[in-house]
Amino acid sequence: MNNISMKLNVDNLLLQALKEDITSEDISTNAVMPTKKQGQVELICKQDGIIAGLEVFQRVFELLDETTQVKFYVKDGEEVKKGQLMAILTGDIRVLLSGERTALNYLQRMSGIATYTNSVAKLLKGAKTQLLDTRKTTPNMRIFEKYAVRVGGGHNHRYNLSDGILLKDNHIGAAGGIKEAISMAKDYASFVRKIEIEVENLDMVKEAVEAGADIIMLDNMSIEDMKKAVAFIAGRAKTECSGNVTKENIKNLADIGVDYISSGALTHSAPILDISLKNLHAIE
């Protein structure tokens, strides 16, 4: 995330998170540290994984006090090991204490997603198929979670409802059918917009191809039917596989020959990476 993106898209979300945690004051910190005093604390990894969100972590403390200094020993996307020293923070002890949980919440969540995504992406190594995320993200966390997917070696599907056309089963029902939905989308959207449509069986695949869909999502179809679908589509549209994608079955799905595999689990089911701030002490 560059500085412009941080200020335009991230700062307000971080401030909301800080306000959630500090409605009036940090009573615990103010009780033991009534005045400003410089200190240092270490950022320690407690679990092997892929680190993501270091700039976000740093920005939390900067929003509380712009003079806070962070010296990193790792970069986003790097493998980290249990017990590894990843950074040293220097600043007002009150700021280090008050910002700790919010900053760690972001870093742990983002690193967990990057770690899980990396483990799945490795299963697709050598295949033409790209791993995609979905919109199944935590509310107000999408920009962070989708960034973490990229850090972990995955790719982003559309960012939000304004970012691309995806006609799902209920859109098709509202329009009266696949042909009608695609026709209406072409009439409404700019010519630069691709049209993706979700299908559930081979008859729907045929109708989507004939209607001129750009991308056809094969949703919860059997492997055998997906193989038939890819063969029938024969490059006339991009193909995406979706629905109940797991680490256990993703290699078999890639062997079908689809262009993309999307997995909501990358963001909604990734466990956090255990990270702590330790050894806080005052300095002169």
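Me: What counts as a helix or a strand here?
Reply: Helices are DSSP runs of H or I with at least four residues, and strands are runs of E with at least two. In this predicted model, the chain has 11 helices and 12 strands.

Me: What makes residues 215-219 a strand, and which strand is aspartate 219 in?
Reply: Aspartate 219 lies in strand 9, residues 215-219. A strand needs a run of at least two residues in E, and numbering starts from the N terminus.

Me: Why is aspartate 219 called buried?
Reply: Happy to walk through that one! Buried means under 20% relative accessible area. Aspartate 219 has 12% relative accessibility, so the residue counts as buried. Across the chain, buried residues make up 48% of the 284 residues.

Me: What is aspartate 219 in contact with, leaving aside neighbours within four places in sequence?
Reply: The partners are Glu198, Val199, Glu200, Ser242 and Gly243. For each of them, contact means heavy atoms within 4.5 Å.

Me: What makes the pair of aspartate 219 and asparagine 220 a polar contact?
Reply: Good one to check, since these residues are adjacent in sequence and such pairs count only if both atoms are side-chain atoms. Here the contact runs from side chain to side chain at 3.4 Å, and the cut-off is within 3.5 Å, so the pair qualifies.

Terms used
Residues are numbered from 1 along each chain as its sequence is written. This is a predicted model: local features need pLDDT of at least 70, side-chain atom pairs count only at pLDDT 80 or more; totals for chains, interfaces and linings use all residues. Side-chain values use heavy atoms; hydrogens and water are left out. Buried means under 20% relative accessible area, exposed over 50%, partly exposed in between (1.4 Å probe, protein chains only). A polar contact is a pair of N or O atoms within 3.5 Å; within protein, one must be able to donate a hydrogen and the other to accept it, and residues adjacent in sequence count only if both atoms are side-chain atoms.
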